[in-house]
Amino acid sequence: MENIERRDIKSLTMAQLKEEMEALGEKPFRAGQLYEWMHVKLAERYEEMTNIPHKLLDRCRERYTYTAFKMIRIQESKLDGTRKYLFMLPDGNTVESVWMRYRHGNSVCISSQVGCRMGCRFCASTLDGLERNLLPSEMLEQIYAITRHTGERVSNVVVMGTGEPLDNFDNLLQFITLLTDENGLHISQRNVTVSTCGIVPRMYQLADRQLQITLALSLHAATDEKRQSLMPVANRYCLHELMEACACYFEKTGRRITFEYSLVKGVNDTTGDAQQLIRLIKGLNCHVNLIPVNPIKERDYIQSERRAVEAFKACLEKNGINATIRREMGRDIDGACGQLRRRHIKETHLCRS
Ligand code: SAH
């Protein structure tokens with residue numbers, strides 16, 4: 001028998017699904033029904049799709065894989081109700097996602113890869129390198145599984161969990177198409193943020209798509225030398241190139257850039273550092289998000305003192321730059337990227353040995 005690679009049905013757009021149904025000799029409206037079960041009713045399995053004939057469901061089982069996760073751990077913060085979910089993927093890999101409740105709605109922070117190959121010095125997600133890219137359906141499923149579990153609508157999605165989204169570019173774009181599709185969850189593009197460490201050619205490619213999503217750039221330093229010491233990607237693209245790419249993103253999309261700046265004591269948190277940052281980004285339509293670094297035990301980076309963080313912010317604001325200090329959500333539950341997954345891998349590893 002011919003070995004046909006099975007397509008992942010939850011990663012297909014409505015148009016692609018219609019083509020598939022046509023190729024199977026099915027009526028096009030079946031695509032609409034399947035799509036609704038997957039992306040609106042958030043079905044976990046084919047068995048739930050009660051208005052679709054068994055014969056068609058059997059053909060789907062044969063031809064397509066159906067992405068569903070096993071929820072293996074949930075941690076809830078006693079401080080602010082933030083929840084961290086650990087999911088097991090069909091191939092046994094694990095990913096983590098975070099659910100946060102804000103006044104303006106529920107927000108989910110998702111992972112875009114299993115592991116990461118960017119090597120940022122302060123980040124726990126990259127310590128073991130990249131395992132693989134996540135499929136569009138595997139990015140969606142993080143949101144769907146959390147929606148099923150909480151019973152509450154998600155209104156904001158940030159791609160700021162484990163992985164570098166622009167290193168998984170095509171799957172990321174397909175994910176955004178599905179997430180914002182009016183036939184699916186229909187989350188507004190304006191409520192989607194993609195965070196990147198700054199892969200310049202991909203930033204231009206993204207700008208060309210003219211989406212209304214927010215691009216967050218992980219800056220963390222205002223000189224090339226300092227940035228290189230924190231982020232290996234800075235050896236490939238200098239700040240000058242990066243700023244040009246940011247300006248282009250704004251020109252093409254009209255969307256203000258968010259700069260993320262993690263404050264590390266004694267590394268990048270003085271008012272001198274703030275002055276350099278001002279010189280770098282002045283004139284750009286942007287917003288700065290200050291994040292006191294979340295220390296990981298594998299590295300000896302220390303969080304800046306509150307006073308230094310406030311002074312840094314005041315300095316930016318005095319120069320007309322909009323800045324906020326990121327509220328630290330879920331500090332008591334391995335809040336920093338990749339920490340929960342790492343802990344799980346370590347613990348299960350210990351169990352086996
Ligand atoms: N790869 C993407 C998205 C994932 S990281 C990126 O680099 O933007 C999401 C954000 O968390 C980035 O700004 C990243 O630099 C930051 N981050 C990672 N580990 C951190 C830590 N321990 N403390 C504070 N911020 C951290």
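User: So what sits 2.6 Å from an oxygen atom of the ligand?
Analyst: That's an N or O atom in the side chain of serine 195. Keep in mind that this is a predicted model.

User: How much of the ligand does the protein cover?
Analyst: On its own the ligand has 530 Å² of accessible area, and the protein covers 93% of that.

User: Which elements give two or more residues to the shell around it?
Analyst: Strand 10 (192–196) and strand 12 (257–263).

User: And what kinds of residues make up that shell?
Analyst: Six are nonpolar, eight polar and two charged. Of the 16 residues around the ligand, the nearest are Glu164, Ser195, Ser218, His220 and Asn294.

User: What do the nitrogen atoms of the ligand pair with?
Analyst: There's a 3.0 Å distance from a ligand nitrogen to an N or O atom in the side chain of glutamate 164. A ligand nitrogen is also 3.0 Å from a polar backbone atom of phenylalanine 122.

User: Back to serine 195: buried or exposed?
Analyst: Buried, because its relative accessible area is 9%, and the cut-off for buried is under 20%. Serine 195 is in strand 10.

User: Which side chain does serine 195 make a polar contact with?
Analyst: Glutamate 260, at 2.7 Å between the two side chains. Leaving out residues up to four places away in sequence, serine 195 also touches others, including Val159, Met160, Pro165 and Ala216.

User: Switching topic: which residues of helix 6 are buried?
Analyst: In helix 6 (residues 200–209), they are Val200, Met203, Leu206 and Ala207. They lie on the same side of helix 6, because they cover an arc of only 115° around the axis.

User: Why would that spacing line up?
Analyst: An α-helix has 3.6 residues a turn, so residues three or four places apart point the same way.

User: What covers the buried residues of helix 6?
Analyst: Among the elements covering them are helix 5 (169–180), strand 10, strand 11 (214–218) and helix 8 (239–253).

User: And what follows helix 6?
Analyst: Glutamine 210, which has a positive phi, near 50°. Glutamine 212 is in the loop between helix 6 and strand 11.

User: How does glutamine 212 count for accessibility?
Analyst: Partly exposed, because its relative accessibility is 24%.

User: What is glutamine 212 in contact with?
Analyst: Setting aside neighbours within four places in sequence, glutamine 212 is in contact with Gln189, Arg190, Thr253 and Arg255.

Notes: Residues are numbered from 1 along each chain as its sequence is written. This is a predicted model: local features need pLDDT of at least 70, side-chain atom pairs count only at pLDDT 80 or more; totals for chains, interfaces and linings use all residues. Side-chain values use heavy atoms; hydrogens and water are left out. A residue is near a molecule or strand if one of its heavy atoms lies within 4 Å of it. A polar contact is a pair of N or O atoms within 3.5 Å; within protein, one must be able to donate a hydrogen and the other to accept it, and residues adjacent in sequence count only if both atoms are side-chain atoms. Accessible areas come from the Shrake-Rupley method with a 1.4 Å probe; for residues, only the protein chains shown count as cover. Helices (H or I, at least four residues) and strands (E, at least two) are DSSP runs, numbered from the N terminus. Ala, Val, Leu, Ile, Met, Phe, Trp, Tyr, Cys and Pro count as nonpolar, Asp, Glu, Lys and Arg as charged, and the others, Gly among them, as polar. Buried means under 20% relative accessible area, exposed over 50%, partly exposed in between (1.4 Å probe, protein chains only). The arc is that of the directions from the helix axis to the C-beta atoms. Contact means heavy atoms within 4.5 Å.
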